[in-house]
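Thanks for coming. Please look at the model first.

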Amino acid sequence: RKGISYADLYLGRKIGIWRTQERLQPWTELLLTLCLSLRFGFQKQKELLEGLQEIIRRRSVPLETLLRKTGIFDLLRRENLTPQQKGEAWRRSLRAERFPALTATERAFSEQVKGLGLDDRTRIKPPPFFEGGRYELAVQFTGRTDLEASLKRVQKALEEGKLDDLP
């Protein structure tokens, strides 16, 4: 790769701040290597490093403990995943550490929607951050028959009270 990108400069600056603390040097080298090997672009690097900093600050947990807890070492050993898949899995794990209540609510919502018996053409979208209580229902259809079938499934879920307790 030719030249230095803005993402490389950002990563270097952020990691450089942590490098000044001698006990963190091996871990910052690992972070640098991870961001490069998992092919994180600028936005993903920024998200990752800011997330790590926030969790460390909020929970007073050492960087090495957080890295172990998020499962990065187990992910790196999985040969059946591409670098991108490993990176995405690690981002999800870190996000769950950073926003535990939100990710738990997202999982509960996803499981509840799966249990509604809707078809693949019908989607229910939660409000942003599950605040405000306004859900969105979307139905894709090619004709009257598709639409009627999808709406019957929605109606059945309503009648059975399955939509009453959405998170």
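The structure holds 15 salt bridges. By that I mean a side-chain nitrogen of Lys or Arg within 4 Å of a carboxyl oxygen of Asp or Glu.

Before the examples, a word on the source. This is a predicted model, where local features need pLDDT of at least 70 and side-chain atom pairs count only at pLDDT 80 or more, while totals for chains, interfaces and linings use all residues. Residues are numbered from 1 along each chain as its sequence is written, and side-chain values use heavy atoms, with hydrogens and water left out.

Now the overall layout. The protein has eight helices and two strands, taken as DSSP runs numbered from the N terminus, with H or I over at least four residues for helices and E over at least two for strands. Starting at the N terminus, the order is α-α-α-α-α-α-α-β-β-α.

How much of the protein is buried? Of its 167 residues, 32% count as buried. Buried means under 20% relative accessible area, exposed means over 50%, and partly exposed is in between, with a 1.4 Å probe and protein chains only. The protein exposes about 11000 Å², and carbon and sulfur atoms supply 52% of that area. These areas come from the Shrake-Rupley method with a 1.4 Å probe; for residues, only the protein chains shown count as cover.

On contacts, meaning heavy atoms within 4.5 Å, I take those between residues at least 6 apart in sequence: 58% of them join residues at least 24 apart.

Back to the salt bridges. Glu54 pairs with Arg58, and their closest N and O atoms are 2.4 Å apart. Both residues sit in helix α3, residues 42-59, four residues apart, which is about one turn of the helix. Arg58 is partly exposed, at 46% relative accessibility.

Which residue does Glu111 meet in a salt bridge? The partner is Lys114, at 3.6 Å from N to O. This pair lies in helix α7, residues 100-114, with a spacing of three residues, again about one turn of the helix. Glu111 counts as exposed because its relative accessibility is 52%, and Lys114 is exposed at 60%.

Another salt bridge joins Glu160 and Lys162, at 3.1 Å from N to O. Glu160 is partly exposed at 42% relative accessibility, and so is Lys162 at 33%. Elsewhere, salt bridges that share partners join Lys44, Glu47, Glu88 and Arg91 into one network.
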